[in-house]
Structures are given as structure tokens and as C-alpha cells.
Amino acid sequence: MKLAVGSVTASSSQPNTNYVPTKVVDGIWGEDENSQQSRWSASGQGEWLQFDLNQPQKVTYVKIAFLNARERLSSFEITASDTPEFNSGRTVLHKQSSRQLQPEDSILQTYTLDQPTEARYLRLTGYGNNASGSSGNWNSIMEVEWYTGTPRETGEPTSPPAEGGIVNEGDVEPPVFKHVQVSTGSELQQALDQAASGTSIELKDGSYEQNGPFVIKEKHGSAAYPIRITAVHPGKALIAGNGYIHIEDSSYVEVSGLKFVNGIGDEDGNQTLIDRGLASRTLTGVHPGLQLQSSSHISILGNTFALDETSQPYRFKVDNRSVWCLVNVNGSCRYGEDSYDPNGEVYKGSTPYEDNKLLTDNGTNRHYIRVEGKSSHNRIAYNDIGPKKGFGAVVIYDGEGHSGQSISQYDVIEYNHFHDIGPRVSNGLEAIRLGLSSLSLYSGHVTIQYNLFDGLNGEDEIISVKSSDNIVRYNTIRNSYGGIVSRHGNRNSFYGNFILGDGKTLGLSGFRIYGNDHKIFNNYMEGLTDKVIRLDGGTHDGGPEGSTNPTVRWGGEQEQSAVLNNLPEEERTELLRGHWRQYNVQIFHNTIVNVGNSTPAITLGGRTYQPVGTKIYNNLIFSNAGTIFNETSAMMKSPAAERPEYKGNMIQGIASASNNPVVGGTIKKEDLRLVGGIDGLIRLSVYSPAIDAAVSPFFALDDMDGQMRYAPDVGADEYHAGGAKTNRPLLPADVGPRALLK
């Protein structure tokens, strides 16, 4: 029997709304928009609804309709009391999550109390939900009904559970989606506003524009029933004009098959954000292609990012004077210092697009993909990304910003094709920037894998890691200026990458590393021309612990020190921007061959504080250029306890073994009996002395091909007479939207 409720009160309600306690007993609940407006909402842990039954009554179960019950799980508990103050309240339904509903389930679900209770006052306390970002703080309930007696349907198991695997895979019906086709920008935004779990929004061929981004806000799918925004014909639906896609406080959303060709935006291009209460997210003048804000389980899959960069400002210097120009606008160049002035003195000379000796040194930042806020488990995969010649890193992870403590965690960036990025800039045109200096001590656990970077000419950091505990593996870099850099952060791993150059073009490098406890192994590097692996010391010393609040030293002879988090934010950020000393970096089982431009293969030392405890094991190097193991004079003078350790390395070529006689005397040159493989890579022959020659303690479990190591060989390649290779240098056909459609 349903019990009558005399009154309902609450700890608080959402300000400036009609989402008040009485809405939960008005008999209105459902999944349409009007029913969802009849609810109580409050943000925060421990917000509550209190029900007065007018007199003590026996209560055995309750029915609750949570908002968005199919997309997210709400956490709650129920207590009972004989007095309205709840001075002696007792728990009658312990804290738990709402149920994961099936398509056929009602959203008004029955929950049986732990045991029947006699009470006048009942309190339902909410602890938020499992949505990402700020959405997870909300407690939102459409209806609550109290009952006595035996529930007809509890939604709980009434018999012993079946054994796992009793249902055959083929008997499981695939998810059924609601398909909505759109053909204009206004139809697209309307469909996004109305989207729910299991909605597939399909864009017909054509251009989609509006005065600001297409906004997906507080929309939640599920693993089985995501919200999909996809092109009917991949690559034929264009996000153009002032539009781009902004996803905020959402989860399980997939964006696929679209082509982003939108412009940089204008002053009026933020209206759709303002209309949806997101004025704080507006961007001044320059729009990305896609932006994630505090969202999780988002898939950016099989899209093309070829944004229109026309009129994006950039700066370079000529004869010690600064010049500003607009991308793709002839005759736009003007002399000026801090910003573009259309009325400034006209410049008629060459730009960095005509003269590769000129470097862009500043400009209006524009990023093609931005991942911001507190997010997790996103996937950026199989996208075609380029061309890009305007200023600003291509894909960025800014997390919570300079005042925050995290970037998006457990994301995967894979099978993307980065191409036609450049011309050169002095700094600020990375293909991927993973973090910020101020976030660098916090963990990302992001994996960057199986991406192709082809013919890039932007800056010396192709992948720039500025956070901790990430993995960069199985990527291919071909004939591209720069290399992979761990600019800030600790405990990052770099393995199984192929970095391939022609041995002639200047500026082709491998790895540059700062911070603690990084691992560089199983990488194949050929034809590089700029310090293949480089640990050049630090301007700052954060100590060996790798904690999030270290004591930092800086200043050399006039050394200062401070506990990092005791400093004001501005000073803290400035220290984190420094080059931090390297501790306990491990460099093992790499192959470096055919080094060009008289460059060293492995360089140690420089700046104020020298690397400490570097381990260099089992690397195979063939070089006729420069010095193989190069140490600065400061590195040579390091105390014995801080010196690098060289073991098991094997070298060949006319390059000198080391400029440090102590190191050179321990490394023997010999004929490594290398051969060109049928895949074009240089490998061990059956007669190579590197076979089974690796020494402990550093062994990789497999090799650069993904083949198992048994008695480990020196270098990235483990000799196998046959056997399948699961890892190889990538080609354009292996990545991007075409690879997804294979």
C-alpha cells in the first residue's frame, strides 16, 4: 500500500530554478523533457530530502525515479527517525548506487529497505552520481513513493544467480539506437539538445554552420548506448564557418566521420555557449575544431581536421624588427611588437612561408583538439590531422589549467595521421602537447600509440610530454624536424617507436628528457641528425623522489631552495617551467644507426645540475659521425655516486666511442654483422655478436617488432629467423579514417 506524505523538505535546492522538494511527490516523472523538469535538484555530497508521513507508520520499500537513470548511477542512502531533527536517526537502507537499467526497465525503481521500519520521518540522502566533472556532484530526483507491505517487483534477484557464460554470445541482441538525421546547423544543435543515451545523430552531406560552437552539455550515454554524432558519408559532413564542437560535463559520446574546416571565429562566435550558460568557456577570436571540457569516455574517431586558418595572426623577426601577418591573407604584413595592427607600417618582404630561415616566434594560439578540465578515458583515434601552419600546438591537454592538479587521465591517442605541420616556429607548434608545466608532477596515465607523424617541420618537440606516468609507444616519425620530448614530469615510458630520417636534413632528433625515472627502450632510430638521445642537465633540481611537492633548488652558486607548494601560484608555476634535473633515467635496448651531421648518439650533461644515476645498457649503435657517447666537462666531473653507468652497449663505425676516456675505454668497437631487412630496417644477421649478448639488470621482455626475447640480444631487434612481426613502421594506409574503414 502506498503511504501518504504530509510534507517534503530539503537541505537545499538548485538556486534560481523550480526544482524544489514538492516536485518529488507530484506524480510526474518520465523520460520526456517536460517530466524531467518536475524534479528536485541539489549539488553536493550529503544533500537530503525529508518526508513527514504525519504519524509513525510501517515502511517496507520505496520507489525512486532518478533523473537520467539510464545514463548514470546515483548514490544514496535512507535513514529514519521519530523526530524531525534526526537527532537519533537510524539507517534503514545502507548507502548504495541506483541500478543500471535495461531498455525495458521503468525508471521508477523499487528499493526494499534493509528491514521493515516504524517511523514518521524518512530522509533520503544523496551523494552525487558517476557522471564526469561537475555533473557528478548533482542529486536529481523526479519522484519518491513510500510503501508498506510486500513489493510486487523489487528489481532484485529472487533466486540464486545463474553461472557465468550461460548465455551464448550469439543470443545477445545488439543495442537498438534511435536514428535522427539532420541537414542544417540548426537541426544539428536541436538534435544535440535533445540527445539521450542510444541516440545516433546522422549528418547528411553538406556544410554545418552556426554563430558559435555546436554544444553538447550534460549528455550521458553508456557503454552499450552511447550518444553518436556521425556523418552519413564519412568526410562529406563539414563543420564550417564560426562553428566547432564543444562537449562539456558529458560521457559516452562518439564523434565520427566529420570533416572540420571551420574558421578561426570572430567576436560574435560564442553565442551558443552563452545561450547554454557557458559564457565562461568563450574563446577570444580563435576557435578549435573540437573541445572537450570535463568529459569522459568520449571517442573522437575517424574525423578529418583541416581547419581554415585564414586571418590567424603570427609574428616573426626581420632585421631585429617584429612583423605580424595574417595567415593566407596577401599583403597583410605589418611591423609591430605585441599584436597585429592593420594600420601599422606595411612590410613587403618574405615570410616564414617563403623563407625557411625565418621563424615564427609568436602568434594567436589555435589548437585543433583541446582536452580540458577533469576528465578520463577518452579516445582520439584514426583521425587525419593537417595541414596546420598557424601558431599553436595541434592537440593539447591543459587539464584544470595552471591552478589545477590534474589532466585528463587514462586517455588513448592512437592511429592518427599528423602531416603538413609547419613551417618552423621557435616554440609552440607541437603535434601533441600532453599537459602543462604547472600540472607536470601529476599523473596522466595517457597512452600515445600507433600514430604516424609524417614530414613535420614545426618545432623541436613533436610530442611534448608535460605530465607524469604516461606511455609513448609504437609511433612512427618520418623525416620530421624535432623529436619526442619529456619536457616536464616523471616516470614516463617511451618504447617501440620508429624514428626515421634521411641522415642529411638538419634537426631530426630522437629523445630529449627531463625529470625522474623515465624509461627509453626498444626504440629504432635511423638517419637522425641532432643529438639522438639527450639528457642535458637542469636549471632546477627537484630531487630524486618525484613527488608532487618536492623541495626545489635553483640558482647554482647562489643557490636558493623552497618547498614547491608553499610558494604563491605565480612563483610555483615559474619554477615548474624550468628544465628539471634528470634522476635515474634508464636507456636500454635501443638501436641507433647511420647517424648524420656529426651529431652524438647519446649526450649527457649541461646547464647547472647534471643528470644523476643514468643507466645506459644494451644499446646497439652504428655511427660514422661525431661522438657516440658524449659527456660535457661538468658531467665528467660528477661525483662517482652520480655518474652514469654504461653496460652491454655495442658500437660500430668510425665515430669515436666517447669524448670521455673513462667511458671510451670500457666500450669495444666490433663488426656487428648488421644487414638490411626486407622491411628496410637494419637488423642483426645470424652471425651478429649482439645475439644473446645483453647483460643484466635491464631487459625488455619483447623487441621492437613485438617478438619475445629469450636470451636477450643487444639493441632493439631480437634476432628471429622467422615469425610474425606485430609492430612495424607505420604507413599512411595504417592510420587515419581510411584505416578505420578497412
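The structure, which is a predicted model, holds 22 aromatic pairs. A pair of aromatic rings is described by the distance of the centres and the angle of the planes.

- The ring centres of F76 and Y111 lie 5.3 Å apart, and because their planes stand at 75°, where over 60 degrees counts as edge-to-face, the pair is edge-to-face.
- F76 belongs to strand β4 (residues 74-81), whereas Y111 belongs to strand β6 (residues 108-129), so this pair ties together parts that are 35 residues apart in sequence.
- F76 and Y111 are both buried.

**The pair F260 and F305**
- In the pair formed by F260 and F305, the ring centres are 4.5 Å apart and the planes are at 5°, so the pair is stacked, given that planes under 30 degrees apart count as such.
- This pair links distant parts of the chain, with F260 in strand β16 (residues 258-260) and F305 in strand β19 (residues 304-305), 45 residues apart.

**A cluster of rings**
- Y382, Y415, Y450, Y474, Y495, F521, F588, Y617 and F698 are joined into a cluster by ring pairs.

**Arginines over ring faces**
- R123 is placed over the face of W48, at 3.8 Å from the ring centre.
- R321 lies over the face of Y335, at 3.8 Å from the centre of that ring.

Key. Residues are numbered from 1 along each chain as its sequence is written. This is a predicted model: local features need pLDDT of at least 70, side-chain atom pairs count only at pLDDT 80 or more; totals for chains, interfaces and linings use all residues. Side-chain values use heavy atoms; hydrogens and water are left out. Rings of Phe, Tyr and Trp (its six-membered ring) pair if their centres lie within 6.5 Å; planes under 30 degrees apart count as stacked, over 60 as edge-to-face and the rest as tilted. Helices (H or I, at least four residues) and strands (E, at least two) are DSSP runs, numbered from the N terminus. Buried means under 20% relative accessible area, exposed over 50%, partly exposed in between (1.4 Å probe, protein chains only). A charge sits over a ring if NZ of Lys or CZ of Arg is within 6 Å of the ring centre and within 35 degrees of the ring normal.
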